[in-house]
Amino acid sequence: MTKRNKIIYWIATLWLALGMTATGIVQLIPMKEEAEMIQRLGYPLYFLTLLGVWKLLGVIAILIPKFGLLKEWAYAGFFFAMSGAVVSHLAIKEDASTLFGPLLLIFLTVVSWYFRPENRKCSSN
């Protein structure tokens, strides 16, 4: 792995981890704005807890060494959660500004996944 690719990987991964941690914590804290948003999107309130816990566990999975298969699941989960957020906001015709966060996190997920080092990939053995 080239130095350039390592730098790209770590920048994307750390920003992804920061974004997912921040949004995961916000979803676990009973904030009025989050509750209103999730209900406006048509989801039950307990969905916030599920998303928050999954995001925090996913961050741990992508940051710890080894466990390639677990990392693959975490990346997939991030991609599904954020693409689901984009589709949910589009479905109720919310302002385009609501798409920035989820789209940025999708981008960081894909970049981090693509540039991950060999020792962080799922082994084919």
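Tyr 114 is exposed, its relative accessible area being 56%. The structure described here is a predicted model, and the accessibilities, distances and angles reported below were computed from its atoms.

A search of the whole structure returned 4 aromatic pairs. A pair of aromatic rings is described by the distance of the centres and the angle of the planes. One of the 4 pairs is formed by Tyr 43 and Phe 47, whose ring centres are 5.0 Å apart and whose planes stand at 20 degrees. Planes under 30 degrees apart count as stacked, so the pair of Tyr 43 and Phe 47 is classed as stacked. Tyr 43 is partly exposed, with 30% relative accessibility. Phe 47 is likewise partly exposed, at 24% relative accessibility.

Another pair involves Tyr 114 and Phe 115, with ring centres 5.0 Å apart and planes at 80 degrees. Because planes over 60 degrees apart count as edge-to-face, the pair of Tyr 114 and Phe 115 is assigned to that class. Whereas Tyr 114 is exposed, Phe 115 has a relative accessibility of 16% and counts as buried. The cut-off for a buried residue is a relative accessible area under 20%.

Tyr 43 also takes part in a polar contact. Its side chain is joined to that of Ser 88 at 2.6 Å. Ser 88 is located in helix H4, which spans residues 68-91. With a relative accessible area of 9%, Ser 88 is buried, while Tyr 43, its partner in the contact, is partly exposed.

Helix H1, residues 3-28, packs against helix H3, residues 46-63, at an angle of about 155 degrees, and the axes of the two helices are 8 Å apart. Since angles over 145 degrees count as roughly antiparallel, H1 is described as roughly antiparallel to H3. The crossing of these two helices, H1 and H3, is left-handed. Sorted by class, the residues in the contact of H1 with H3 comprise 15 nonpolar, 7 polar and 1 charged.

H1 also packs against helix H5, residues 100-114, with the axes coming within 8 Å and crossing at roughly 140 degrees. At this angle H1 is oblique to H5. The crossing of H1 and H5 is left-handed.

For H3 and H4, the axes come within 9 Å, and the crossing angle is roughly 140 degrees. H3 and H4 are therefore oblique to each other. H3 passes H4 with left-handed geometry.

The loop between H3 and H4 contains Lys 66 and Phe 67. Most residues other than glycine have a negative phi. In Lys 66, however, phi is positive, near 65 degrees. Phe 67 also has a positive phi, with a value near 50 degrees. The side of accessibility was considered for both residues. Lys 66 counts as exposed at 61% relative accessibility, and Phe 67 is exposed as well, with a relative accessible area of 56%.

Leu 70 belongs to helix H4 and is partly exposed, at 43% relative accessibility. Between Leu 70 and Lys 121 the separation in sequence is 51 residues, and the distance from C-alpha to C-alpha is 9.5 Å. Ala 91 is also placed in helix H4, and at 56% relative accessibility it counts as exposed. Ala 91 and Leu 41 are separated by 50 residues in sequence, while their C-alpha atoms are 8.4 Å apart in space.

Key: Residues are numbered from 1 along each chain as its sequence is written. This is a predicted model: local features need pLDDT of at least 70, side-chain atom pairs count only at pLDDT 80 or more; totals for chains, interfaces and linings use all residues. Side-chain values use heavy atoms; hydrogens and water are left out. Axes are lines fitted to C-alpha atoms, for helices over the stretch in contact, and angles run from 0 to 180 degrees between N-to-C directions. Helices (H or I, at least four residues) and strands (E, at least two) are DSSP runs, numbered from the N terminus. Angles under 35 degrees count as roughly parallel, over 145 as roughly antiparallel, 65 to 115 as roughly perpendicular and the rest as oblique. A crossing is left-handed if the near helix is turned anticlockwise from the far one by less than a right angle, and right-handed if clockwise. Ala, Val, Leu, Ile, Met, Phe, Trp, Tyr, Cys and Pro count as nonpolar, Asp, Glu, Lys and Arg as charged, and the others, Gly among them, as polar. Rings of Phe, Tyr and Trp (its six-membered ring) pair if their centres lie within 6.5 Å; planes under 30 degrees apart count as stacked, over 60 as edge-to-face and the rest as tilted. Buried means under 20% relative accessible area, exposed over 50%, partly exposed in between (1.4 Å probe, protein chains only). A polar contact is a pair of N or O atoms within 3.5 Å; within protein, one must be able to donate a hydrogen and the other to accept it, and residues adjacent in sequence count only if both atoms are side-chain atoms.
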